[in-house]
There are 2 protein chains.
Amino acid sequence: MKSDFDALMQARNLDALMVFGNAEHNPPMTYLTGGGHVSHATLIKKRGEAAILFHGDMERDEAAKSGLKLISYSNYDAVSLYKQANGDSQLAAAMRAELMLKDANVTSGRVGVYGTYDLSAVFGMLMNVQKMLPNIEFVGEAREDSIFMRAMETKDENEITRIRKMGKVTTSVVAKVRDYLTSCNVRDDEVLLNEDGSPLTVGDVHSKIRLWVAEHGAELPSGFIFAIGRDAGVPHSAGTPTDLMKLGQTIVFDIYPAEAGGGYYYDFTRTWSLGYATPEAQELYDQVKEIFDTLNDNFDLNTPFANYNIMTCEYFESKGHQSPLHTSAPVEGYVHSLGHGVGLNIHERPFSGLTAGDDQRLAPGVVITSEPGLYYPEKGMGFRIEDTLWVRPDGKMETLAEYPYDFVLPMKNWKKK
Amino acid sequence: MKSDFDALMQARNLDALMVFGNAEHNPPMTYLTGGGHVSHATLIKKRGEAAILFHGDMERDEAAKSGLKLISYSNYDAVSLYKQANGDSQLAAAMRAELMLKDANVTSGRVGVYGTYDLSAVFGMLMNVQKMLPNIEFVGEAREDSIFMRAMETKDENEITRIRKMGKVTTSVVAKVRDYLTSCNVRDDEVLLNEDGSPLTVGDVHSKIRLWVAEHGAELPSGFIFAIGRDAGVPHSAGTPTDLMKLGQTIVFDIYPAEAGGGYYYDFTRTWSLGYATPEAQELYDQVKEIFDTLNDNFDLNTPFANYNIMTCEYFESKGHQSPLHTSAPVEGYVHSLGHGVGLNIHERPFSGLTAGDDQRLAPGVVITSEPGLYYPEKGMGFRIEDTLWVRPDGKMETLAEYPYDFVLPMKNWKKK
């Protein structure tokens with residue numbers, strides 16, 4: 001949580017944090033400012049002190065919504081800096097950064113640098129500032145273990161409210177997609193039809209999903225997956241737009257919308273087979289559902305997340321599938337890890353992979369996905385079930401948006417002959 | 001244009017370029033790969049040689065669409081690197097980068113680094129690689145003058161086609177918003193009403209705009225502005241969702257959608273006053289329109305863009321307004337610069353600010369905005385008119401999407417008493 005920063009900075013021997021970029025679509029800046037239309041900003045937080053947001057003068061109203069201490073860039077005369085730098089705009093930017101660091105009383109020590117931003121400009125500027133303030137050492141951190149990933153790992157009530165709300169958006173879009181698909185007419189060759197009688201394609205469904213997510217004012221900043229048949233068997237395939245929608249094929253629908261502006265995500269997957277399922281598909285689905293339920297029965301406070309990934313590997317191996325536990329980078333069977341944290345990043349701590357440290361636990365306040373799956377691209381099928389779960393302060397696990405787990409979806413206008 | 005890279009690298013004494021991040025929402029990577037679902041990639045281009053795209057193995061099909069030479073990350077054994085690095089994932093990433101640079105035959109010289117990406121992770125990694133390959137000097141470039149901004153400054157026919165198409169999307173959404181607003185019923189206190197009789201808010205309009213942009217399969221990756229009254233007087237205020245939509249107040253509607261995945265932008269603004277305008281607002285609008293038209297009559301091939309910004313400052317000062325020409329960072333009057341280039345970045349070269357170099361000209365192939373405006377937040381009003389213009393190879397200026405400049409929009413169900 002945000003309140004952890006000073007302790008985390010102390011533990012990592014960081015004297016200050018410097019965050020660059022926009023307040024939107026930039027998790028570290030969004031986290032500390034609350035988002036909004038603040039662009040090309042700089043935030044400096046000295047350990048033990050309040051953060052200062054440096055912003056363009058035209059965005060002062062938006063910047064003020066952050067509740068942070070503000071300093072306008074107009075305090076640093078751009079024209080005069082540019083002249084002093086003999087027209088070298090990178091040097092002028094570095095001179096301004098030097099003044100900002102001094103105004104934040106940061107002139108020595110280890111300064112962590114963060115942000116999803118133009119790294120060329122920031123890298124070049126920092127190299128210059130380093131020369132101007134030789135007692136500062138700028139530090140970059142590995143993505144999965146940065147101080148932000150650590151602080152973001154546990155969520156407060158307000159964050160849970162926002163994630164839960166995205167969960168409602170998610171399940172309502174999923175319900176709409178289900179209703180839309182099961183209402184379609186079906187051709188003799190089991191291909192679904194649009195209202196105008198043309199074959200329904202995966203691309204048609206993609207368009208509807210985008211539209212219905214937008215209707216809720218949400219975004220799909222990391223895309224989404226709606227894939228059928230062989231594509232459902234490749235975990236990262238988003239689906240091929242020209243594929244026809246057919247009965248009796250597995251559909252993996254993995255949707256992870258975020259609040260507009262790159263806010264909190266929800267992450268959710270269902271696997272469907274329209275009209276009927278083949279016996280083999282039904283058997284594999286039932287296995288995924290069985291371990292999914294077993295995991296829900298076993299999730300326990302403060303247990304390392306990776307333990308449940310191992311439990312999933314062992315279950316699937318007991319059913320004759322490959323898993324990363326005894327196969328390196330399998331392409332069939334259970335091919336990924338069990339889940340990940342969700343927040344302002346679609347993938348964040350805690351992670352559950354076999355190399356995840358055992359400090360990545362189901363601690364109070366974490367929000368994780370549980371998403372076991374089976375993949376058989378050569379058989380033209382894939383399966384994944386995923387919910388987003390919150391480890392509540394009382395230690396109980398709570399699914400943040402409930403939705404049924406039906407595999408076979410009956411078609412309203414079609415009966416098996 | 002892309003064909004300029006080797007010459008630009010020579011001129012800047014850059015021996016190689018290294019680009020980090022996803023192929024989407026990351027202009028340098030999008031520019032060289034063409035976009036698509038390629039994530040956490042690395043691109044290395046040695047001067048005089050073809051670029052190499054290093055990518056995750058699961059994304060090989062998407063990576064192949066770039067037409068670039070490909071090397072899969074699976075060529076570098078992640079587990080063994082992680083062990084060699086004693087579990088330090090940042091060091092392991094640096095060791096992999098060292099191997100990639102060697103495979104690209106880049107072991108010395110000046111290497112420019114680029115990308116909109118997690119700068120903490122890349123900064124930390126580059127600091128490590130620098131130690132491993134001491135004959136390499138990593139170089140960051142100022143945003144507005146980077147080799148990418150230079151290459152992107154002039155567009156080819158294909159880029160113009162894509163920008164023009166986004167222009168059509170933009171004006172069709174704007175037309176729909178206009179139609180929606182002017183069809184509303186109006187309460188006695190001049191507040192617009194929703195169909196259910198509740199007051200129409202700025203937030204309601206924001207939702208419609210998002211929906212209609214999504215209907216076209218386009219995105220709003222940098223947001224948009226639909227602001228009324230005082231917010232219209234603050235150039236970068238996105239609008240307050242709870243504000244009520246009222247007659248006779250200035251509305252600034254600045255919309256800049258991009259192709260899905262973070263492709264080419266269009267940039268467009270109109271200022272409206274619903275039902276009627278106050279005489280003061282009409283007078284200020286007319287001034288903005290007058291200089292807007294004068295600029296269109298005067299834009300001339302190869303003239304420095306900043307000259308037209310100065311012309312705009314002088315015009316507004318002659319009408320008694322403040323401008324940056326003689327006031328430092330004014331908050332009233334004409335408070336920004338005239339315009340900017342548009343492409344994969346919403347703001348790119350050429351720039352028109354008072355410090356923009358006179359090499360930023362209306363050269364053949366550039367695409368610019370012209371967007372004079374006046375801002376009076378304390379009077380509760382603001383004005384801006386903006387089109388996106390292409391300097392054609394034949395030297396003529398062309399507005400890429402035509403749309404009317406009406407200020408007062410008559411309401412269909414309301415007449416002034």
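Predicted model: local features only at pLDDT ≥ 70, side-chain atom pairs only at ≥ 80, totals over all residues.
Reader: Which strands of chain A does β12 join, and in what sense do they run?

Author: Start with the general idea. Strands of a sheet pair through backbone hydrogen bonds, and the pairing is either parallel or antiparallel. Here, strand β12 (residues 250-255) of chain A is joined to strand β14 (residues 268-274) of chain A by six bridges, and the two run antiparallel.

Reader: What order do the strands of the four-stranded open sheet in chain B have?

Author: The order in chain B is β11-β12-β14-β22, with mixed pairing. The edge strands are β11 (224-228) and β22 (408-409) of chain B, and each of them pairs on one side only. For a parallel case, take strand β14 (residues 268-274) of chain B and β22(B), which are joined by two bridges. B:L274 has B:L409 as its bridge partner in β22(B). Helix α8 (residues 157-182) of chain B lies across β11, β12 (250-255), β14 and β22 of chain B, at about 10° to β14(B).

Reader: Which strands of chain A pair with β5(A)?

Author: Strand β1 (residues 16-21) of chain A pairs with β5(A) in the parallel sense over four bridges. Within that pairing, A:A16 stands opposite A:V111. β5(A) is also joined to β7(A) by four bridges, and these two run parallel. There the partner of A:R110 is A:E137 in β7(A).

Reader: Now the two chains together. How many residues of each chain are in contact with the other?

Author: 45 residues of chain A are in contact with 47 residues of chain B. The area buried between the chains is about 4,100 Å², and carbon and sulfur atoms give 62% of that. In chain A, the residues that lose the most area to chain B are A:M58, A:L119 and A:F123, together 18% of what that side buries.

Reader: How many salt bridges does the rule find across this interface?

Author: The rule finds three salt bridges between chain A and chain B. One of them can be looked up by its residues: the side chains of A:D61 and B:R230 meet at 2.8 Å, N to O. The rule also finds 15 residue pairs in polar contact across the interface.

Reader: Which elements of chain A give two or more residues to the side that touches chain B?

Author: Among them are α3 (60-64), α5 (89-103), β6 (116-118) and α6 (119-132) of chain A. The largest share comes from α6(A), with eight residues. By residue type, the side of chain A that touches chain B divides into 20 nonpolar, 14 polar and 11 charged residues.

Reader: Which strand of chain B is joined to β6(A)?

Author: β6(A) is joined to strand β6 (residues 116-118) of chain B by three bridges, and the strands run antiparallel. In this pairing A:T116 stands opposite B:D118.

Reader: How many salt bridges are there over all chains, and what does one inside a chain look like?

Author: A search of the whole structure finds 59 salt bridges. In chain A, A:D145 forms one with A:R349, with the closest N and O atoms 3.6 Å apart. This pair links distant parts of the chain: A:D145 is in the loop between β7 and α7 (147-152), A:R349 is in strand β16 (residues 348-351), and they are 204 residues apart.

Definitions and conventions
Residues numbered from 1 in each chain as written. Chains lettered and ligands numbered in written order. Heavy atoms only, no water. Contact = heavy atoms within 4.5 Å. Buried area = accessible area lost by both parts, 1.4 Å probe. Salt bridge = Lys/Arg side-chain N within 4 Å of Asp/Glu carboxyl O. Polar contact = N/O pair within 3.5 Å; in protein donor to acceptor, adjacent residues only side chain to side chain. Nonpolar A, V, L, I, M, F, W, Y, C, P; charged D, E, K, R; others polar. Pairing = 2+ DSSP bridges. Axes fitted to C-alpha atoms, helices over the stretch in contact; angles between N-to-C directions.
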